[in-house]
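Keep it brief and plain.

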Amino acid sequence: MVKGIYPPLIFLGIGAMTDFSSLIANPKLMLLGAAAQIGVFATFMGALYLGFNLPEAGAIGIIGGADGPTAIFLSSKLANGVNVLADGTTVKNLIGPIAIAAYSYMALVPVIQPPLMRMLISKEDRKIKMKPPRAVTQKEKMIFPVVALILTTFISPSALPLLGMLFFGNLLKESGRTERLADTARTKLIDIVTILLGVTVGASTQADIFITKDSLLIFGLGAISFVIATCGGLLFAKFMNRFLKEGSKINPLIGAAGVSAVPDSARVVHTEGLKSDPSNYLLMHAMAPNVAGVIGSAIAAGIILSFLG
């Protein structure tokens, strides 16, 4: 797991099962995925304040993106118990606590996010109906992963192992010529890698590594970061509405989907929207910031790795 092989394979499967149509149809919603990444950098600063060194804090920070594979990838590079700092000290092995914290808060999306949505978004705003997304052509679907890969290469080259596999998996799906490979990537392969990843993470969480003060601090930081990321997405959605014309406004609830817990946060947004207005369907709209959050968290991980790796 220290080699970081499993996360790119998981991203390959995620790419093969992801439909970027909602994001292509409404590119401005990508900003919500970027806004939610404030949780990453807030957690990074919090970890530094609590006494973790720079590489450890960088690995802990990515928990704020609510993306398990990305958290494992970054911690395997920075907080693996192997790397030696300039002063001669060895970084702590935090892969197990970070992985468990990241996946735990991904699973707690339906518990953590709804109260924040109701607290920050008025009932009137929760009822905003968005225009149906336009139809996206097959050619656009094929061009998107290629263009996105080129752009992210310039922005964050260190994120290529993750984003390269994500967009390659999506190209397998959208090309229409490699359906067997795409089907293998999104079913058998991702299932096998998930089992291996779970066993490997479990094997790396011995008592002397996991039952420590550091693990408790990581879990606490993870909870705070997830709240900050959700609030960042919700508040930025409200901010965007100040510049959008009447009839083109977005439902601020979809900002909560900017965290990259795919597709759970989009489903939670949809459910909350239905509670306010049973005729308001937000799932497809919420998927746009949701997949943007996956890209955003991988870019954030790449930026951290380029500075601290």
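A residue counts as buried when its relative accessible area is under 20%, as exposed when it is over 50%, and as partly exposed in between. The model described here is a predicted one.

Start with K92. Its relative accessibility is 36%, so K92 counts as partly exposed. Its partner is D214, and the two side chains meet in a salt bridge, 2.9 Å from N to O. D214 sits in helix α14, whereas K92 sits in the loop between α6 (68-78) and α7, so this pair ties together parts that are 122 residues apart in sequence. D214 has a relative accessible area of 18%, so D214 is buried.

**Two helices in contact**

Helix α14 also packs against a helix. Two packed helices are described by the angle between their axes and by the distance between those axes. Here the partners are helix α7 (residues 95-107) and helix α14 (residues 213-241). Their angle is about 35°, and their axes lie 9 Å apart. The crossing of α7 past α14 is right-handed. On the α7 side, the contact is made by P97, I98, I100, A101, S104 and Y105. On the α14 side, S215, I218, F219, G222, A223 and F226 make the contact. What classes of residue does the contact of α7 with α14 have? There are 9 nonpolar residues, 3 polar ones and no charged ones.

**R186 and its two partners**

How many salt bridges does the count come to? The count comes to 9 salt bridges. R186 takes part in a bridge with E179, and R186 also forms one with D183.

| Salt bridge | N to O distance |
|---|---|
| D214 and K92 | 2.9 Å |
| R186 and E179 | 2.4 Å |
| R186 and D183 | 4.0 Å |

A salt bridge needs a side-chain nitrogen of Lys or Arg within 4 Å of a carboxyl oxygen of Asp or Glu. The R186 and D183 pair has its closest N and O atoms 4.0 Å apart. Both residues lie in helix α12 (residues 179-203). They are 3 residues apart there, about one turn of the helix.

How accessible are these residues? R186 has 21% relative accessibility, so R186 counts as partly exposed. E179 is partly exposed at 41%. D183 is partly exposed too, with a relative accessible area of 31%.

Elsewhere, salt bridges that share partners join R118, E272 and K275 into one network.

Definitions and conventions
Residues numbered from 1 in each chain as written. Predicted model: local features only at pLDDT ≥ 70, side-chain atom pairs only at ≥ 80, totals over all residues. Heavy atoms only, no water. Axes fitted to C-alpha atoms, helices over the stretch in contact; angles between N-to-C directions. Helix = DSSP H or I, 4+ residues; strand = E, 2+ residues; numbered from the N terminus. Left-handed = near helix turned anticlockwise from the far one by under 90°. Contact = heavy atoms within 4.5 Å. Nonpolar A, V, L, I, M, F, W, Y, C, P; charged D, E, K, R; others polar. Buried < 20%, exposed > 50% of the residue type's maximum accessible area, 1.4 Å probe, protein only.
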